[in-house]
Amino acid sequence: MRKILITNDDGIESDGIRRLAEAAKEFGEVWVIAPESQRSAASHSITLRHPIDVHPYNFSVAGVHAYSCTGTPADCVRVGLLNILPERPDVIMSGINFGYNVACDIQYSATAGAAFEGEFQGVLSIAFSEGASSEHGATDKYLRDIMSELIDKPYVQGQIWNVNFPNCNGDECKGILRDRKVSRKSFFTDRYREVEEFANGGVSLVVDGVFNPQKEEETDYGAVLDHYVSIGIVRNVG
């Protein structure tokens with residue numbers, strides 16, 4: 001039986017990781033090791049200078065071995081492979097992220113970062129993301145088919161699979177586009193908004209991105225904006 005390690009960056013209580021684990025149960029023995037709380041935009045960072053606490057967790061999907069972790073998503077993959085799982089998994093799945101991981105945002109994504117760590121460790125790794133809303137129709141329609149398509153792909157050094165589901169219902173989704181390139185555009189045009197000015201001349205700033213619906217043809221970002229599922233390869237170091 002396949003062994004499947006699942007993590008995410010939205011935290012172990014997120015709806016996305018529950019739905020991913022529920023689907024993955026149909027394909028093998030599932031282990032979940034995920035952050036105890038939100039870790040979005042942590043990228044591929046790992047913890048070096050303080051302990052990482054890992055605790056058994058009463059997960060919402062029956063039959064899943066689950067642990068919460070105080071570290072980053074990449075930490076979750078590392079401790080899973082090096083300390084928790086009794087043997088190496090056949091595949092690592094990260095997600096389902098609340099919000100797309102396409103275009104330039106991939107470099108900040110801890111969903112992708114966890115998958116990159118899995119690839120570093122020599123395991124086939126897949127990142128799953130969807131639009132940041134309560135609409136899961138497209139995801140529900142295609143998730144299991146895509147999982148079946150990718151789960152036995154050969155491990156290839158230096159790459160992960162990146163899957164993004166459009167923010168629409170199943171009937172509005174136009175299908176799957178494969179071999180999507182990573183767009184050079186940005187999902188958001190970033191800026192910072194001043195929220196406080198200090199007496200010493202300093203300021204307190206908060207990121208205040210503006211949605212940027214510009215797309216390029218044959219890219220991941222273009223696919224989801226056009227209501228297609230995007231499947232593509234993202235290159236890692238090495």
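This is a short tour of one structure, stop by stop, to follow in your viewer.

The model is predicted, so local features need pLDDT of at least 70 and side-chain atom pairs count only at pLDDT 80 or more, while totals for chains, interfaces and linings use all residues. Residues are numbered from 1 along each chain as its sequence is written, and side-chain values use heavy atoms, with hydrogens and water left out.

**Stop 1: the largest pocket**

Select Ala-41, Tyr-100, Asp-105, Phe-187 and Phe-188. Of the 26 residues that line the largest pocket, these are the closest to its centre. The pocket has a volume of about 650 Å³. On a 1 Å grid over the protein atoms alone, a pocket is an open set of points with protein on both sides within 12 Å along at least five of seven lines, and a lining residue has an atom within 4 Å of a point. Grid points are joined across faces, edges and corners, and a volume is the space filled by probe spheres set on the points.

Now colour strand 5 (91-98) and helix 3 (110-120): each supplies at least two residues of this lining. Helices (H or I, at least four residues) and strands (E, at least two) are DSSP runs, numbered from the N terminus. By class, the lining has ten nonpolar, eleven polar and five charged residues. Here Ala, Val, Leu, Ile, Met, Phe, Trp, Tyr, Cys and Pro count as nonpolar, Asp, Glu, Lys and Arg as charged, and the others, Gly among them, as polar.

**Stop 2: Glu-130**

Next, pick Glu-130 in strand 6 (residues 124-130). Is Glu-130 buried or exposed? Glu-130 is buried, with a relative accessible area of 2%; buried means under 20%, with a 1.4 Å probe and protein chains only. Not counting residues up to four places away in sequence, Glu-130 touches several residues, including Arg-19, Tyr-100, His-136 and Phe-165. Contact means heavy atoms within 4.5 Å.

**Stop 3**

Phe-128 lies in strand 6 and Phe-165 in strand 7 (residues 159-165), so the pair ties together parts that are 37 residues apart in sequence. Both Phe-128 and Phe-165 are buried.

**Stop 4: the largest cavity**

Finally, select strand 13 (residues 229-235), which gives the most to the lining of the largest cavity, with five residues. A cavity is a set of points where a 1.4 Å probe fits but cannot get out. This cavity has a volume of about 40 Å³. Among its lining residues are Asn-162, Arg-180 and Asp-220.

Conventions
Buried means under 20% relative accessible area, exposed over 50%, partly exposed in between (1.4 Å probe, protein chains only).
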